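Notebook open, structure loaded. I'll jot down what I look up as I go.

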Amino acid sequence: MSKPAVETRKYLLQEVIDKYSQLNIPAQAVLELTYRCNLRCVHCYVDVDANDELTLDEWKEVIDQFKAAGTIYLLFTGGEVTVRADFLEIATYARRSGFIPSLQTNCTLLTPDMAQNIAELKPFAISTSLYGASAATHDAVTRVQGSFEKTLEGVKLLVDCGLVPLVQTLVMKSNLHELEQIQKLVAGLGARARIDTAIAPSKTGADFAFQYEPSVEELARCKWLLDDICQPRNGDYGLCKAGKALCVVSPRGDVFPCTIFPLKLGNLKQSSFDKIWRLEPCAELRYLRSMRRTDLYACIKCDLAAYCRRCTGIAYLESGHLDGPSSSACRQAQMRRRLSQATEVIPCQKNPT
């Protein structure tokens with residue numbers, strides 16, 4: 001599918017999601033099929049285990065409940081979904097139930113048959129991650145030798161089946177010098193590239209990932225990257241559709257507002273989704289749905305608002321309050337303002353170390 005067609009579909013889906021959000025209908029559900037993964041990425045936010053994963057039949061029941069709730073879009077993720085032998089059966093059941101499926105995978109375990117089966121699902125989107133333009137850089141992040149070549153092979157398999165994967169790259173100290181090469185590499189594969197600067201804490205709130213975040217001085221070497229990093233958002237910060245038009249189900253059946261939001265709303269082994277979401281929502285979920293930007297007591301008068309990309313889930317992780325400040329968002333907003341005020345930018349180049 002061409003890029004304009006993808007963007008049009010995204011725009012139309014976003015309009016639907018906006019309307020669903022007003023009605024607290026979960027238009028999007030993220031199904032974390034497993035937390036297991038064959039890679040060991042240094043920054044990975046999944047630092048929890050789930051040995052008691054939902055079975056195939058239990059996931060089918062979950063999908064049936066989302067159909068009854070009015071959900072239209074399901075994202076299958078992990079961990080790494082392809083470590084589950086039945087992940088395609090789960091995704092196929094969702095497609096046959098009328099859902100629009102999407103998939104996140106590191107691509108390293110894909111086979112030609114698997115890629116073809118995924119293509120037959122006609123996914124709305126399929127995404128993966130690439131952390132470098134070289135094996136040395138990428139594999140140092142995944143901590144699995146050979147993962148760079150396997151990821152590229154997996155992307156090629158998907159492209160050969162007619163898909164256009166989204167290849168996402170998180171900006172880190174170790175790959176800052178390869179960002180332009182990554183974009184060229186991805187384009188040459190027939191995929192789409194996206195550069196992301198938002199490093200996040202882990203699911204438990206640990207901040208180990210921030211040690212890989214580039215400094216202002218390092219980011220300033222990449223003039224072409226600054227336009228996105230420094231783009232003001234006109235005060236569009238602080239609130240999202242988590243808990244309104246978006247929710248997540250963990251491998252063990254726990255329901256959360258989003259993947260990085262540790263506010264447990266209930267468990268689908270113990271209660272129905274309709275009861276958790278609509279009939280008897282907990283007090284925190286009711287407050288989350290009623291929040292306005294004026295409730296963000298630490299943010300409402302902040303002079304960094306134009307540069308802030310505050311996430312409610314991360315703010316809850318870092319402050320313990322739904323309406324509290326996010327220390328990482330504050331730091332990143334300060335970084336964006338400093339970069340926007342930079343008067344001299346030098347070309348991006350490989351660090352001498």
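Started at H12: its buried residues pack against helix H11 (283–290) and H13, where contact means heavy atoms within 4.5 Å. I'm looking at a predicted model, so local features need pLDDT of at least 70, side-chain atom pairs count only at pLDDT 80 or more, and totals for chains, interfaces and linings use all residues. Numbering runs from 1 along each chain as its sequence is written, and side-chain values use heavy atoms, with hydrogens and water left out.

Which residues of H12 are buried? I get Thr312, Gly313, Ile314, Ala315 and Leu317, in a helix that spans residues 312–319. Buried is under 20% relative accessible area, exposed is over 50%, and partly exposed is in between (1.4 Å probe, protein chains only). Helices (H or I, at least four residues) and strands (E, at least two) are DSSP runs, numbered from the N terminus. Just after H12 I find glycine 320 with a positive phi of about 85°.

Over to H13 (residues 327–340), where I checked serine 340. Serine 340 is partly exposed, at 33% relative accessible area. I also took the C-alpha separation between serine 340 and tyrosine 307: 9.5 Å, for residues 33 apart along the chain.

Next, H6. Ser147, Phe148, Thr151, Leu152, Gly154, Val155 and Leu158 are its buried residues. They lie on the same side of H6 because they cover an arc of only 160° around the axis, taken from the directions from the helix axis to the C-beta atoms. A reminder to myself: an α-helix has 3.6 residues a turn, so residues three or four places apart point the same way.

What covers that buried set in H6? My list includes helices H4 (112–120), H5 (135–142) and H7 (179–189), plus strands E4 (125–129) and E5 (166–170). Glycine 162 follows H6 and has a positive phi, near 95°.

Then I searched the whole structure for cavities and found three of 30 Å³ or more. A cavity here is a set of points, on a 1 Å grid over the protein atoms alone, where a 1.4 Å probe fits but cannot get out; lining residues have an atom within 4 Å of a point. Grid points are joined across faces, edges and corners, and the volume is the space filled by probe spheres set on the points. The largest cavity comes to about 50 Å³. Phe76, Ala91, Pro101, Ser102, Leu103, Ile118, Leu121 and Pro123 line it. Strand E3 (residues 100–104) gives the most to this lining, three residues.

Most residues other than glycine have a negative phi, and most peptide bonds are trans. Glycine 78 and glycine 79 are joined by a cis peptide bond, omega about 20°. I place glycine 79 in the loop between strand E2 (73–77) and helix H3 (87–96). Asparagine 24 has a positive phi near 55° and sits in the loop between helix H1 (3–23) and strand E1 (28–32). Cysteine 107 also has a positive phi, about 70°, without being a glycine. Is cysteine 107 buried or exposed? Buried, with a relative accessible area of 1%.

Methods:
On a 1 Å grid over the protein atoms alone, a cavity is a set of points where a 1.4 Å probe fits but cannot get out, and a pocket is an open set with protein on both sides within 12 Å along at least five of seven lines; lining residues have an atom within 4 Å of a point.
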